[in-house]
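I opened a notebook for this structure and wrote down what I looked up. The entries follow in the order I made them.

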4 protein chains.
Amino acid sequence: MIVVIKKDKDPKQVDSLINWIKGLGLGVHVSEGENSTVLGLIGDTSKVDIGLVRTLDIVESVTRVQEPYKNANRKFHPADTVIDVGGHKFGGGSFQIIAGPCSVESERQIIEVAQAVKRAGATILRGGAFKPRTSPYAFQGLGVDGLKLLKKAKQETGMPIISEIMSEEHIDDFEGVDILQVGARNMQNFDLLKRLGRLKTPVLLKRGLAATIEEWLMSAEYIMSEGNPNVILCERGIRTYETYTRNTLDISAIPILKERTHLPVIVDPSHASGLSRLVPPLSLASVGAGADGLMIEVHNDPVHALCDGAQSLRPDQFDGMVKAIDMMLPAVGKHRDDK
Amino acid sequence: MIVVIKKDKDPKQVDSLINWIKGLGLGVHVSEGENSTVLGLIGDTSKVDIGLVRTLDIVESVTRVQEPYKNANRKFHPADTVIDVGGHKFGGGSFQIIAGPCSVESERQIIEVAQAVKRAGATILRGGAFKPRTSPYAFQGLGVDGLKLLKKAKQETGMPIISEIMSEEHIDDFEGVDILQVGARNMQNFDLLKRLGRLKTPVLLKRGLAATIEEWLMSAEYIMSEGNPNVILCERGIRTYETYTRNTLDISAIPILKERTHLPVIVDPSHASGLSRLVPPLSLASVGAGADGLMIEVHNDPVHALCDGAQSLRPDQFDGMVKAIDMMLPAVGKHRDDK
Amino acid sequence: MIVVIKKDKDPKQVDSLINWIKGLGLGVHVSEGENSTVLGLIGDTSKVDIGLVRTLDIVESVTRVQEPYKNANRKFHPADTVIDVGGHKFGGGSFQIIAGPCSVESERQIIEVAQAVKRAGATILRGGAFKPRTSPYAFQGLGVDGLKLLKKAKQETGMPIISEIMSEEHIDDFEGVDILQVGARNMQNFDLLKRLGRLKTPVLLKRGLAATIEEWLMSAEYIMSEGNPNVILCERGIRTYETYTRNTLDISAIPILKERTHLPVIVDPSHASGLSRLVPPLSLASVGAGADGLMIEVHNDPVHALCDGAQSLRPDQFDGMVKAIDMMLPAVGKHRDDK
Amino acid sequence: MIVVIKKDKDPKQVDSLINWIKGLGLGVHVSEGENSTVLGLIGDTSKVDIGLVRTLDIVESVTRVQEPYKNANRKFHPADTVIDVGGHKFGGGSFQIIAGPCSVESERQIIEVAQAVKRAGATILRGGAFKPRTSPYAFQGLGVDGLKLLKKAKQETGMPIISEIMSEEHIDDFEGVDILQVGARNMQNFDLLKRLGRLKTPVLLKRGLAATIEEWLMSAEYIMSEGNPNVILCERGIRTYETYTRNTLDISAIPILKERTHLPVIVDPSHASGLSRLVPPLSLASVGAGADGLMIEVHNDPVHALCDGAQSLRPDQFDGMVKAIDMMLPAVGKHRDDK
């Protein structure tokens with residue numbers, strides 16, 4: 001960490017700051033320049049509160065040289081982390097497609113969608129049981145019953161399953177779920193992250209609505225530092241001023257993450273855009289940007305079907321999209337399981 | 001709710017949509033225009049998923065006529081909610097100042113700061129025990145021990161106390177805390193909100209980092225719909241592209257909230273800006289905008305003092321600021337307890 | 001346009017509003033509902049100031065049914081506009097690559113880069129002569145001399161050329177330039193747009209730093225409504241809170257624009273990210289999203305070369321990227337000129 | 001400027017960078033640390049393209065120690081700039097209120113509004129003649145005729161006048177206008193800024209829709225570096241994700257600007273919010289934050305009056321607001337002309 005001190009500052013204040021830094025167990029290398037004094041901090045600076053130092057009156061600027069994340073950092077772990085979920089690999093050149101309905105609604109629905117997406121090439125089944133809803137008056141999901149139906153579909157089709165967990169109090173109910181999803185709204189629910197860090201089950205960590213890439217990696221770090229190395233990152237759009245789409249898919253985040261971390265990175269284009277007709281082009285864009293997989297909403301129910309609606313694709317649309325993805329994967333050096 | 005259907009749409013699809021709406025227990029008034037068909041939904045539309053309807057292929061646009069919040073809505077509760085905390089009133093023309101250190105560090109620290117801010121006019125003591133930190137390696141607060149010290153300061157000074165709660169699992173430890181604070185990162189931790197809704201203790205609900213005003217009121221609604229009417233809203237800055245300040249204080253949110261809801265609204269200028277020298281002007285701006293109070297960080301410890309630093313004021317600076325606030329309050333028709 | 005009137009409003013005010021609308025030459029269809037009155041405006045509503053109506057006290061909401069852009073609207077012009085620039089087509093299934101240095105610096109530099117990018121498959125040569133710079137103290141480009149060197153490179157290589165125009169006062173100097181570029185900062189310089197609308201030369205219109213898609217199309221409309229139908233849209237990233245990249249490439253804008261307008265849409269990944277190593281993945285993502293072309297910075301000069309730097313690729317990196325693009329184009333049904 | 005070089009970088013590349021910096025006429029102080037090499041640049045670094053250096057592959061980070069603006073910088077000009085407009089002072093403890101209609105519409109309208117706002121305490125008359133409109137089909141203002149009517153109102157009332165200039169081609173028409181306004185959309189129309197810099201007439205420079213505070217000051221620098229020191233900055237809201245208000249008033253910008261620059265800073269709450277009922281609270285907030293004045297829209301015409309609408313106040317509302325401002329000014333040590 002490099003701390004630049006303002007010109008003409010009281011040397012006593014500077015000394016006090018140096019002593020405070022040394023008190024944290026760090027070394028300090030002082031370099032006096034014409035216009036400023038530069039402090040180079042030596043040692044493990046991940047404990048230093050950069051926000052605090054930056055706002056001190058005598059400080060002109062602070063620059064991290066080390067990233068504050070360690071377990072997630074590609075510098076210390078150059079090879080891709082490969083996470084195996086029931087024989088399907090995330091990372092290391094594999095490309096996975098997670099698909100399924102927004103919410104689990106009935107046994108018939110979840111099994112039919114599962115069979116349809118499996119036929120088209122999906123390898124993991126998604127389905128919401130506990131739903132985070134802006135309104136307390138909206139349908140909050142089937143809860144534990146939804147998880148049971150999802151597990152039935154797993155049995156029926158052999159597909160591993162993923163579902164969102166919203167509170168550490170539900171952890172026992174998720175026994176048998178293959179990937180635990182942390183939603184955007186809970187990306188900084190630190191108590192939940194720590195609890196998931198004490199499991200070994202893979203965690204799919206969605207980016208918070210307005211989280212920076214660094215904050216997102218720090219949330220992965222919360223899970224990893226407790227002992228669970230199996231974190232999959234999922235870009236799902238960020239909040240910007242543009243309202244045409246529900247969120248703005250931050251496509252640049254993919255190559256940046258692939259450079260900064262060894263963790264697998266996938267994209268959820270359904271939630272990013274909120275519009276089913278944008279899902280195919282955004283999926284192909286994600287392939288081009290270097291993603292390790294996709295998570296797609298697919299429905300088979302008449303309510304959605306009638307209007308060809310919302311953010312979910314019909315099974316036949318999903319099928320067509322997977323064929324286009326297969327044409328593009330060789331250009332980025334990636335492959336699907338059976339290819 | 002007004003749903004505008006696109007021109008030249010298949011009447012069968014429109015009929016299906018109308019049937020689906022009626023299935024939710026709502027009436028539908030259909031008005032055929034030259035360029036579009038307009039559906040007027042009659043009844044309690046708070047259950048309708050506006051996001052779903054908006055993204056249907058046959059729908060041009062959807063407009064809510066009713067706000068989706070009821071308990072928090074000033075339309076149904078025109079008079080200000082007044083929340084009494086140990087004899088100090090939030091709302092109804094009263095102006096309260098909450099002050100104290102960012103974190104509780106020691107018995108001596110918290111008691112000294114409490115006495116200093118009480119002398120200057122603060123009526124409620126703040127102090128962090130559980131600290132939400134971006135990094136798992138940063139100091140996470142004294143936890144339960146911090147709460148004990150805060151309660152000791154309450155005993156010593158007679159000031160009611162407020163502290164942040166991060167998980168429903170800690171609820172018993174907060175017995176004796178007068179206001180439970182929900183931080184920006186947990187504004188949509190719905191399980192926590194529901195749990196706090198089953199208490200009667202006042203809840204201070206901070207705005208999420210990128211929450212709209214409507215989403216914020218819907219989170220208040222989560223608490224209120226479970227039975228707890230005592231919610232205080234606290235604006236603390238939103239995330240924008242401007243990086244000079246840590247967050248951008250959304251000063252317009254104050255008059256908008258005062259119009260839309262009967263709940264008291266206060267401002268936290270310390271976290272909004274992250275710079276102590278901006279706290280006085282932003283506090284005076286909040287008074288001008290019509291806020292019902294402020295929450296201010298004040299420190300007395302040598303680490304901060306040495307550098308006159310960060311987002312905390314020194315007691316003497318706090319004292320000067322309160323004097324300027326007292327000069328301004330008559331212009332907005334507000335008063336402090338003892339004035 | 002649908003105007004929803006608030007409940008219980010003074011009928012006199014509503015009548016006055018209706019009369020005002022009729023005074024604009026529009027018809028009004030009034031529909032009385034239980035909770036609100038809905039006005040349907042009939043006729044050409046593009047003259048109505050939606051912002052003004054929306055903020056009237058008696059108005060609950062206003063919704064456009066017609067988009068405010070006409071010439072640019074795909075509804076009224078379903079087929080792709082195809083713009084021919086020296087035999088190279090933008091739109092209609094063709095894919096063009098514009099390449100060249102950020103600034104024209106010398107005859108040798110611009111000719112060498114032109115030859116290198118032409119060999120790799122670029123069809124149009126870019127080169128900045130007038131440079132919009134945040135600081136008045138920074139190099140402002142070679143100006144008219146830069147344009148002359150660019151024209152020399154056109155003569156030498158046969159490539160059509162594109163350069164940015166910053167003021168209507170320079171229009172004569174751009175005689176012989178094949179595409180006139182309007183930069184992000186001038187997207188709403190309406191006097192400049194109107195002036196370019198009176199030419200027939202193709203205009204490449206970059207998206208403003210914080211422009212919505214609709215505002216961007218309205219700026220295209222300024223050019224088209226004056227008589228110039230040859231507008232190419234260029235997405236170049238928008239300003240968001242994420243600072244890792246200089247701007248956030250709004251990849252979703254591409255499929256949205258392809259749906260809303262018949263104009264060709266290309267992407268500038270160099271300026272969007274500001275990082276040369278992100279240019280290849282973002283270019284492939286743009287292909288996947290359905291773009292009609294790319295504009296890429298390529299350099300051959302030692303200052304950049306030494307550090308492998310900034311947002312410009314080296315010719316050999318550019319060459320490798322074009323090969324990957326060629327592998328992906330069939331998946332999106334697009335082709336390059338000679339393929 | 002402090003440049004931190006990444007660890008383990010090729011010394012040849014580092015030497016090349018150092019030589020390039022020296023080639024710009026700057027000195028370089030090299031400090032070798034354990035984890036990084038730090039270059040301190042000595043001399044006038046305002047010419048260095050920080051964006052370019054930051055994106056070089058060998059560079060970890062770049063930090064400016066000097067701000068890139070000089071003429072506008074309070075460090076080099078500690079006393080407030082005081083700009084006298086017809087005897088009314090901006091800066092130095094004075095508080096000015098500019099008021100008038102959005103657009104000049106008729107002689108009677110502009111004179112009646114002028115008289116009304118003058119009575120209530122406004123000192124400068126505003127009125128739009130050239131209107132920047134998103135749509136080419138919207139009313140573009142009365143143009144030159146509007147300016148003539150505004151000058152007539154000046155003659156009639158003795159109030160100095162301000163109006164927006166959109167192109168350097170109109171400069172002669174603005175002879176007799178006391179303050180030239182540059183709108184948000186033209187904040188980085190550098191040709192226009194340079195042209196205004198060659199006059200002595202005060203320029204009111206609005207903040208761009210998504211401009212950082214530094215970019216805004218750099219635009220002021222464009223005007224000042226050409227020789228015109230009379231720049232008044234006007235905060236008018238920035239674009240964020242919150243859509244309740246048209247823009248988000250960045251109230252923190254006021255104290256930051258007062259610290260960074262000696263130029264006067266005023267606020268336009270009418271355009272910031274787009275809602276007339278927010279104008280009074282945002283005006284009082286601006287007083288609290290330390291603004292040197294306000295620019296307010298006031299109307300007297302029946303179209304607006306009927307609906308009590310949009311972003312303009314009625315004269316009697318304006319009058320009430322000025323009285324509240326007068327109650328608050330002593331708390332911030334400011335005064336109006338005649339007080």
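**Entry 1: chain B against chain A.** I began with the contact between chain B and chain A, which takes 45 residues from each of the two chains. The model is a predicted one, so I read everything below as computed from that prediction. Next I looked up the elements on the side of chain B that touches chain A. I noted α1 (11–23), α2 (50–54), α5 (190–197), α6 (213–225) and α10 (302–307) of chain B, each of which supplies at least two residues. Which of them gives the largest share? I found that α6(B) does, with five residues. Then I sorted this side of chain B by class. I wrote down 21 nonpolar, 15 polar and nine charged residues.

**Entry 2: how the two copies are related.** Two copies of a chain are related by a rotation about an axis and a shift along it. I looked up both values for chains B and A. A rotation of 180° superposes chain B on chain A, with 0.0 Å of shift along the axis. The RMSD of that superposition is 0.0 Å. The two copies are therefore related as by a two-fold rotation axis. Which C-alpha of chain B is nearest the axis? I found that of Ala210(B), 3.0 Å from the axis. I also checked which surface each copy uses. The same surface serves both, as 100% of the contact residues of chain B recur in chain A.

**Entry 3: chain C against chain D.** I turned to the other pair of chains. Here 45 residues of chain C are in contact with 45 residues of chain D. On the side of chain C that touches chain D, the elements that give two or more residues include α1 (11–23) and α10 (302–307) of chain C. The most comes from α6(C), with five residues. I recorded the classes on this side of chain C as 21 nonpolar, 15 polar and nine charged.

**Entry 4: two helices in chain B.** I then went inside one chain. Helix α3 (residues 107–120) of chain B packs with helix α11 (residues 315–328) of chain B at an angle of about 20°. Their axes are 9 Å apart. Angles under 35 degrees count as roughly parallel, and α3(B) and α11(B) are therefore roughly parallel to each other. The crossing of α3(B) past α11(B) is right-handed. From α3(B), the contact uses Ala116(B), Val117(B) and Ala120(B). From α11(B), I listed Pro315(B), Phe318(B), Asp319(B) and Val322(B). Six residues of this contact are nonpolar, none is polar and one is charged.

**Entry 5: domains of chain A.** Last, I looked up the domain assignment of chain A. It gives domain 1 (2–63) and domain 2 (74–332). The C-alpha centres of these two domains of chain A lie 42 Å apart.

Definitions and conventions: Residues numbered from 1 in each chain as written. Chains lettered and ligands numbered in written order. Predicted model: local features only at pLDDT ≥ 70, side-chain atom pairs only at ≥ 80, totals over all residues. Least-squares fit on C-alpha atoms with pLDDT ≥ 70 in both. Contact = placed C-beta atoms within 7 Å. Domains from an automatic or database assignment. Helix = DSSP H or I, 4+ residues; strand = E, 2+ residues; numbered from the N terminus. Nonpolar A, V, L, I, M, F, W, Y, C, P; charged D, E, K, R; others polar. Axes fitted to C-alpha atoms, helices over the stretch in contact; angles between N-to-C directions. Parallel < 35°, antiparallel > 145°, perpendicular 65-115°, else oblique. Left-handed = near helix turned anticlockwise from the far one by under 90°.
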